[in-house]
Amino acid sequence: MRLRILLLGLFLLPFAAHAEQSTVWNFQNADALKPWNVQGLSVDPTAEGFHITGQGGMIRDTLLSHPVDVVDVTFARSQAASIALLWHVPGAPQQEVIQLPVQLNGAQPETIPIDLSRYPQWDRNTDVFGLGFPLNTDLVLQSMTLRGWSLGEKIAEAWRSIWTFDEEKAYSINFLWGPILVTNPVARAQLYQTLPPFGWSVNRVFYAVIALAGIAIAGAAICRGVPLRDRSGRRPYILTFLGIVAALWLLYDVRMGSELLSYAAKDYRTEISQPPGQRIFRNYENFYDIVDRSLPFLTRDRRYVMEVPKGIEHLMTVALSMTYPSTPLFPEENVGPEIHTWLIFRRGDIHVNDHGQLAQGSTVLSPPGRTVMQFDPTSFLFLTN
Amino acid sequence: MILLWLPIGLAIPTLIGWLILTLLEGKTPVLLGIERWVMGLLLGLTLTMYLTFLGHIASLAALSLGGFFSVQLVALAILGGLYLLRRWHLPGIPASPVASPSPRPRTWILIALIALLVWTAVKIAVPGFILMTTPPYFDDTITNWNLRGDVFFVTKNLELRLPTQHPNDLSINSLSSYPPTVPMVKAWLAHLAGRWDSGLVDSVHLVWLLISLALVWTTIRHTASRTWSVIALWLLASLPLYLMQGTNAYADVFLSAHLLAAAILLYHAARAETPQRRLAALRLAAFATALLPFTKNEGLLIYLPTILAVTGGLLLVSVTRKTLTWRQVGIGVAWFVLLILAIGAPWIVFKLAHGMPFGNAKSVSGFTVAWQSNVLFSIAINTFFEGNWLLLFPVFIALLLTRSREAFRTPLAMFTFIFLIVSVGQLPLFLFTGLSTEALMQTGYARGLIHLVPIVVILVTLLVRSLVENEDERCKMQDTRTKE
């Protein structure tokens, strides 16, 4: 028995031998520029990192001792722009460089974790790596971290990804992605943020297990000389196979049932158990809470004005369903003198001017009035005099 | 406390449903006692709303508390009177069929079954609680089922224009082409409570989910033990998308329950050992089928023709095997024609009279026929590679192939053919018409499967049972022969 445990330990050793390996390229010193081949750009080493301006690219030999699955690019100062990650696949012609567009949001500072393993063009052992910058670039590149994981860690991460749940969203009533297999923590963190999510459906694994189980059980029956027509002989094999399918079904049920319960738990945590003013409901955030708190005013007259950001006008229907028979004005309807109530939601461009009127820039929207409730910096309830 | 209006609101419709089922069964009951109450609740509620709709368009009843209540009282009085009359003429209540014997399973199996039931109860109760304590979230809940119900409640009128329409737009809202049953049920509950409460009006969706589960249970109990019923119930509640829809205010589980009821009654007709019992089951099936057009548009366009086709097949086989005479077939057909005309026709005439489309918010006519790429891929992903149905469809296909005799040549064929006709029939619509977006966007296609999965679960359970118990019985027979 001890010998078996020892052998098992030796067998598993390679899985644990190489934990996460990472290489950090820190750009906060002037020497860091040496390995880089810069073209077209102006790169100025500073204490914060490389101050990069202009348009062009910078590449270097990777010289890494480990494979790479993920790269984190950190900017001390960023800008909203689309840059490119560049790499060269070993063995490919020298001039053949692959580009991956990466969107910067312009946060200060900003770290972009990029899961490269999802791209079939990516080579974990790339020999040249770099960045390309568009016209009018002006940012400070602080560091790049290149990370890779061992087989054992990838298997562990795949198991964790099975138990990583999606959140309840508008599409959840039509389909549920189900468990998706990915093999690194960055891919897992980004799992349901892109549609469709990247990764392998775990159904593939289930089907493979069922197929292998079927073959193994049939093989065992044949090896033991159980004739196909021997019903009493084949029964235990059929029951074993059905048992395996049932066990996988139950496992899958526990996984998906837990996801549905996680939706409920989140709703309880963020909506049901919270007092008015702190309620957050799914991706509509505090919209329901705002309308709910405004109901005494919104339902006072038959019509009211509602201003929501472009692209989420359907929120007006949500509000309508809560305030009916009072209804919001359609955007193209004129605001008449009978309208007194304005609900402004996430409209930073609308404010109360010095004359007490609602205004969008210099355009006056309403007669003078007062803000009755301020829900957040860009959402408030306004009543005209 | 407001939720107490739910059982109160369902009581009279359930009684109406029970009475009409009992009357249709006549001297030969085909339903288990509990099955009659469950179907009574399902069909009685829809029938009550249909009668209210008739009363309303005939200007006899407003969609007010008094309007709903008076229609129910009149229906109850008429059906109750007929029931008492029948009791008077036919003393002695004919006994309902008895459920299949259910020997106590081994202790470990019993524990496993109880664990499955507890897990299933948690999965229904927790999202059910969320449904009743959070505001409506999903699009169709807000813009269709609840908004229309709220409009009926406030105006006490079957409004065909909705407040989501611009005041200058005087057209009929396309959502009004959906049968008004679900919004009317919500309006009825709101009238009882005296106010619109989304928790109360949405709670009825949980009832429809529980009805589906109960009907699966009772159907299995006709031929198999409680163990198999628990397995079937667990299987259905384990399907994530079905559970998701059942614990949200959508109408597809509602439709699935209606389709299931019609299919189960055809199955009972196919299983019946005497012509009288078969005719009784056919009368019940005719009633359930006739209500389909008043559930969702798919009920009229897809499921009514399918059920009629399968019924036609059953009647032909019955005549061929001499289990029914031509005269009895004629009687069966007459019941279908009568009930479908009585229930379906007024709704269809109403739609035609108001120029409402027959599709779901889009007309089914006028589509250009052309190959739609990526649809097959999308269907395969939704069916086999997402979390919607767990392992249901691969297992089902494998069982259809390996247990084809049971699936196609026993009464289970009623379920098999309904599934195949709908699936195969819908496929060209997705593959060759503009409805392809329903498959590509994973909306209409998945909804179609929602309607069918209770039927598939019954098939899977009974086919697996036939596999396991056939082996068991054949083993015993083989052992006996060996000993001899």
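Visitor: Which domains does the domain assignment of chain A give?

Guide: The model is a predicted one, in which local features need pLDDT of at least 70 and side-chain atom pairs count only at pLDDT 80 or more, while totals for chains, interfaces and linings use all residues. Residues are numbered from 1 along each chain as its sequence is written, chains are lettered from A and ligands numbered from 1 in the order in which they are written, and side-chain values use heavy atoms, with hydrogens and water left out. For chain A, the assignment, automatic or taken from a database, gives domain 1 (21-148), domain 2 (152-270) and domain 3 (282-384). The C-alpha centres of domain 2 and domain 3 of chain A are separated by 47 Å.

Visitor: What makes A:Asp253 and B:Lys123 a salt bridge?

Guide: Their closest N and O atoms are 2.5 Å apart. The term requires a side-chain nitrogen of Lys or Arg within 4 Å of a carboxyl oxygen of Asp or Glu, and therefore the pair A:Asp253 and B:Lys123 qualifies. Within chain A, A:Glu157 and A:Arg188 form a salt bridge with closest N and O atoms 2.3 Å apart. This pair links distant parts of the chain, 31 residues apart: A:Glu157 lies in helix 2 (residues 151-162) and A:Arg188 in helix 3 of chain A. Helices here are DSSP runs of H or I with at least four residues, and strands are runs of E with at least two, numbered from the N terminus.

Visitor: How many residues of chain B are in contact with chain A?

Guide: With contact taken as heavy atoms within 4.5 Å, 62 residues of chain B meet 60 residues of chain A. The area buried between the two chains (accessible area, 1.4 Å probe, lost on being put together and summed over both) is about 5200 Å², of which carbon and sulfur atoms give 71%.

Visitor: Which residues line the largest cavity closest to its centre?

Guide: Of 21 lining residues, the closest to the centre are A:Glu168, A:Arg282, B:Ile130, B:Thr247 and B:Asn248; lining residues have an atom within 4 Å of a point. Helix 5 (231-272) of chain A and helix 4 (107-133) of chain B each supply at least two, and the largest share, four residues, comes from helix 5 of chain A.

Visitor: Where is A:Pro109 found?

Guide: A:Pro109 is in the loop between strand 6 (98-105) and strand 7 (110-115) of chain A. The peptide bond from A:Gln108 to A:Pro109 is cis, with omega near -5°.

Definitions and conventions: 1 Å grid on protein atoms, 1.4 Å probe; cavity = no way out; pocket = protein on both sides within 12 Å on 5 of 7 lines; lining within 4 Å.
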